[in-house]
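This report goes through one structure, part by part. Please look at the sequence and the structure first.

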Amino acid sequence: MLRIEGIGKHFGGVPALSDVTFRCREGWTTALIGPNGAGKSTLINCISGILAPDTGQIHLQGLRLDGLPAHRRPFLGVGRTFQNLALFPRLTVLENVLCGLTPQGEPSMLRSLLRLPATRHRERLLRLKALEMLDAFGLTDKSQWPVSILSYGDRKRVELARALVSEPRLLLLDEPVAGLNAEETARIGTEIRRLHGAGLTILLVEHDMDLVMSVSDHIVVLDSGRAIASGTPGQIRSDPRVIEAYLGRMSATA
Amino acid sequence: MPTLSDLLQFLFAGLTNGAVYALIALGFCVVHNTMGIVNFTQVDLVSLGGMFLYSALFLLGLPMPLALLGAVAASALSGALVERLGIRPSRSDDHLVLIFLTIGLSVILRGVMKLAWGKNRMAVPPLTADEPIRLWGATLLPQILWILLLTGGAVLILAWVFRRTALGLCMRGVASNPAAAAIVGIDGGRIRMVSFAIAGGVGGLAGALVTPITTLSYDVGVLLGLKGFAAAILGGFGSFVGAIAGGLLLGLLESLAAAGLSSAYKEVIAFGILLLVLFVRPTGLLGKRKG
């Protein structure tokens, strides 16, 4: 499904990723873990097109992603959320989710202005779809609120709704539960398992080990920009290299 | 002591100029919102509106309504071309670089206009016969009513595009968060080109409407554009409602300054008040504070 091949990225001579290679299998939830600064977010930014890798290739279902501008990638089925959120704060909840539908209803300037019946019909359908998505996330009551006044947890849900409404084939989740309380974390966990059950391919970057261990089929461990181990949650838990590089360091700093 | 009919006369003059400033201010705001820069080619897009109207009338021999429509469309196209051929090839997102680029393009546009239409002042006829209308003792040119009417119409159309169409939603998305816009699949380059086209359209409309009252020359937009820029700042750069309010307020201030003192000082007084407003409220009347 997603093939990461020999990805390298430098920031002013400092290597952030070097020769990272792994695969995300179709329908699997793959977790990317590692200490802070290991290059997890850099890698996700390369996949979604915010950064261009210096070396290596990224393939999604045989199509080469690297080299495409970021705004083309949602059309190929790449959806994502951000660690620190990337919403449209001045737009309402509904408008944010409607923007997520751009790949389905890219408005041509003329078609948008001429208001042909077919365009209007399609816009109505898209709106309905966005409203359904809000309903599924329990955001119906707040659909007309500007995002800037929502709680952090609600914003995280709006961002997930916006990513999902476009029906991505690959969903990139960058620390979806960072900053959330236990109850909200459990809710996101349930949501990830539901999406997994529905057959979505997910790449998850997360520090919350309980969540990672409970939702992942496969785990890739990054340390200092290198993939040092990969395997099932059980294998990763008992891998001495992982314990040394990641868990050991965490307990040392705790 | 000015009489009531004098005041009415100045009020209408102020509103008319204000409407033109408001249109130009809207052009500045549209580009500022999607790119974060001041687009100095805006002033030339105003001149171009008048030039295109002149050519549509006398070169192509079109009837007035068609000529006006054509002038606005041609100005909008010019705006889009400025972005596509002048701004985008720089591949820069450094605001300072882009602003200087618009200054350079503005000089080039004025050069092109000088070559194409010459340096002489030209006269454009008003939209309809200039038989003055009398209203409570004040004398109004029909063109003044056309300016107010068409400006109102343009503002309503813009509001509809931004609030009700998918294109408007994408534009507001880019204005709100360009990185997030890219991640949901919105092509920022296309949206920036559309914003330049809108800036060209409203600027061109302003130029086509006002040049029958003033005169037309290749640099007529410079002073008008400066006033539109001031109006945009007065309203809080970026706010559409602020741009309209700022335009009307600046027009009225100028006009009342001319009525109360002398028309020779109207610009000094208007810009003096602009400075005072900004001392008290640096974000403009309706601007949002940063942060």
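How many residues does helix α4 of chain B have, and how far does helix α4 reach from its first C-alpha to its last?

## A helix in chain B

Helix α4 of chain B covers residues 95-117, which is 23 residues. From first C-alpha to last, helix α4 reaches 32 Å, close to the 33 Å expected at 1.5 Å a residue. Just after this helix comes B:G118, with a positive phi of about 85 degrees.

Several residues of α4(B) are buried: B:L101, B:T102, B:S106, B:L109 and B:M113. The elements that cover these buried residues include α2 (42-58) and α3 (64-87) of chain B.

## Confidence

The model is predicted. Its scores are ipTM 0.86 and pTM 0.89. For chain B the average pLDDT is 90, and 98% of the residues score at least 70.

## The nonpolar core

The largest nonpolar core holds 156 residues. The members that touch the most other members are A:V97, A:A161, B:V20, B:A22, B:L23 and B:A25. Helix α1 of chain B, residues 4-35, gives the most to this core, with 14 residues. As a general background, nonpolar side chains tend to be buried together in soluble globular proteins.

What does B:V20 contact, leaving aside its neighbours within four places in sequence? The partners of B:V20 are B:I147, B:A206, B:L209, B:V210 and B:L224.

## Where the chains meet

The contact between the chains takes 25 residues from chain A and 19 residues from chain B. On the side of chain A that touches chain B, α2 and α3 (109-114) of chain A each supply at least two residues. The residues on that side of chain A divide into 14 nonpolar, 6 polar and 5 charged.

## Two loop residues with positive phi

In chain A, the loop between β6 (78-81) and α2 (93-99) contains A:L85. The phi of A:L85 is near 65 degrees, a positive value in a residue other than glycine. Is A:L85 buried or partly exposed? A:L85 has 17 other C-beta atoms within 10 Å, so A:L85 is partly exposed; a buried residue would need 20 or more.

A:E167 lies in the loop between α5 (152-165) and β7 (170-174) of chain A. A:E167 is not a glycine, yet its phi is positive, at about 50 degrees. With 14 other C-beta atoms within 10 Å, A:E167 is partly exposed, because a residue counts as exposed at 12 or fewer and as buried at 20 or more.

Key
Residues numbered from 1 in each chain as written. Chains lettered and ligands numbered in written order. Predicted model: local features only at pLDDT ≥ 70, side-chain atom pairs only at ≥ 80, totals over all residues. Helix = DSSP H or I, 4+ residues; strand = E, 2+ residues; numbered from the N terminus. pLDDT = per-residue confidence, 0-100. Expected span 1.5 Å × (residues − 1). Contact = placed C-beta atoms within 7 Å. Nonpolar A, V, L, I, M, F, W, Y, C, P; charged D, E, K, R; others polar. Core = buried A, V, L, I, M, F, W, Y, C linked by C-beta atoms within 7 Å.
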